[in-house]
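Dear colleague,

I am passing on the structure we spoke about, with notes on what turned up in it. Please look it over when you have time.

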Amino acid sequence: MNLRFRLNLIVTIILFVIVLLGAMTTVHNARENVRAEVDSTMDLALHMLEAELNHFKRTGLMSADEDMSLFNLGRLSGVRHLRIEFYDSHGFLVETNQVDDAHDENDPPSWFVSQMQAGLDNMTLKSLPVSINNREIGKLVISPEPGNEISEAWHETKTMLELIALFFVSVNVVVYIAVGLSLKPIDNIIDALTDIEAGHLDRRLPVFNLPEMASISHKFNGMASALQISTRNNHRLTQQIIRLQEAERKTIAHELHDEIGQHLTAIHVDASVIKSCQDLACAKRSAVAIDEVARQVMDIIRTMLHRLRPGGLDEIGFLAAVQDLVNNWQQRHKNIEVLTYIEGDFSDLDENEQLTLYRVLQECLTNISRHANAKLVEISLLESGKERLLIVKDDGQGFELGRHPQRFGLAGMHERVDSIGGKLNITSQYQQGVTVQVTLAKQGE
Ligand SMILES: Nc1ncnc2c1ncn2[C@@H]1O[C@H](COP(=O)(O)OP(=O)(O)O)[C@@H](O)[C@H]1O
Ligand SMILES: [Mg+2]
């Protein structure tokens, strides 16, 4: 069952209960009114008839011989709400004020009549004995005849019920339309999500009128932009990685060809000389030359290996490798003061974490030598509570974050740190240097 239908159903049920109570109250009030009206009219009629009887008795205008239709009750046919009848002493009906009414098509419906009658059921008849010269000649009986009153009450109640029904229908229609209008943005949101899912990351939502929906569309658009930027960065990064990989391969191929190839040729030549040597001295000379070239080849291979994978991480351990990196850098930048603070145990860093911290530090030092123009560099490796921190701070010229396009260096740092679930935070202010901080959660925390 969709939301629109559900909301409408709830409103309809609540309204229905209210309207039903309203209708019941209206009918109840009508019944009370009819009852009060009939009761007071009966009382009034009784008193009038009593007064008239007394008057006749006193003036002696009434005698037993007179025509029995002495009240001429037919005259009172206009007295609505009441049946006034005269019964003789034998209980026969002599006179009545009732005339047969034509059936009116505006008569109240039978359910309404029975509701009204229910209020009159326990009303007692009123009777007035009529006697002449102390002889009882019969009695006048007054009973409720609420037909007219009920008709009147029906007309009023009908109008009320019609208004209630109109209210019921119009509130329902208004709610249906309002709910439909306020839920319309949801269709838009679903469409937009489907587009994003299909890879159309440039899809945006319009600004909706409803504040709640407007805030959803604002957040959605922000999310879509972030996704678009990050996907674009990812593509760019992948391209850069591929380019760098190719460049690295090219360099290795060159070095293998130019350096190793050339040295191997030299060894080959010297070995050939040894083969054709007549005396030991000649062979020794060539052997010394081979030894010299072999050492150079070993140096070249060591340098190449070091570039491919930081030497020492495996052999001498993380902290010693870091210290090595810093010392080598310091050797090349004697005019910059380097302070190193190492506090804590870093022995349980896994291989990825070690490599990440090492590479970030390496890139920071490269950036400092290329861009910072710094006098002091502070490198801290700290343990703080459940975290490990690497902080590299320089006092150089700094740069405006977000202004410089992030190139492979900074972007690569982000990627590396992200990939092991850490946090990278770079702060910089013009002329106040740069601080790079990596935060890693401790294993098992
Ligand atoms: N320590 C630093 N001091 C001043 N500027 C820096 C520093 N580190 C980075 N930058 C600025 O940020 C830019 C992006 O750095 P990076 O992504 O490493 O690319 P690259 O080093 O190849 O230029 C640099 O070009 C430089 O302008
Ligand atoms: Mg760089």
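Gln-431 sits in the loop between β8 (423–428) and β9 (434–441). Please keep in mind that this is a predicted model. The phi angle of Gln-431 is near 65°, which is a positive value in a residue other than glycine. Is Gln-431 buried or exposed? Gln-431 counts as exposed because 8 other C-beta atoms lie within 10 Å, and the cut-off for exposed is 12 or fewer.

Asn-373 also has a positive phi without being glycine, with a value near 60°. Asn-373 belongs to the loop between α7 (351–372) and β6 (376–384). With 14 other C-beta atoms within 10 Å, Asn-373 is partly exposed.

Next, the sheet. Four strands form an open sheet in the order β2-β1-β4-β3, and their pairing is antiparallel. At its edges are β2 (93–96) and β3 (126–132), each of which pairs on one side only. On average, neighbouring strands of this sheet are turned by 25° against each other, direction ignored. Strand β1 (residues 81–88) runs antiparallel to β2 and is joined to it by 3 bridges. Tyr-87 has Leu-93 in β2 as its bridge partner.

As for the domains, the assignment for the protein chain lists domain 1 (3–174), domain 2 (211–305) and domain 3 (314–441). How far apart do the C-alpha centres of domain 1 and domain 3 lie? The distance between these two centres is 100 Å.

Best regards

Technical notes. Residues numbered from 1 in each chain as written. Chains lettered and ligands numbered in written order. Predicted model: local features only at pLDDT ≥ 70, side-chain atom pairs only at ≥ 80, totals over all residues. Pairing = 2+ DSSP bridges. Helix = DSSP H or I, 4+ residues; strand = E, 2+ residues; numbered from the N terminus. Axes fitted to C-alpha atoms, helices over the stretch in contact; angles between N-to-C directions. Domains from an automatic or database assignment. Buried ≥ 20, exposed ≤ 12 C-beta atoms within 10 Å, placed from the backbone.
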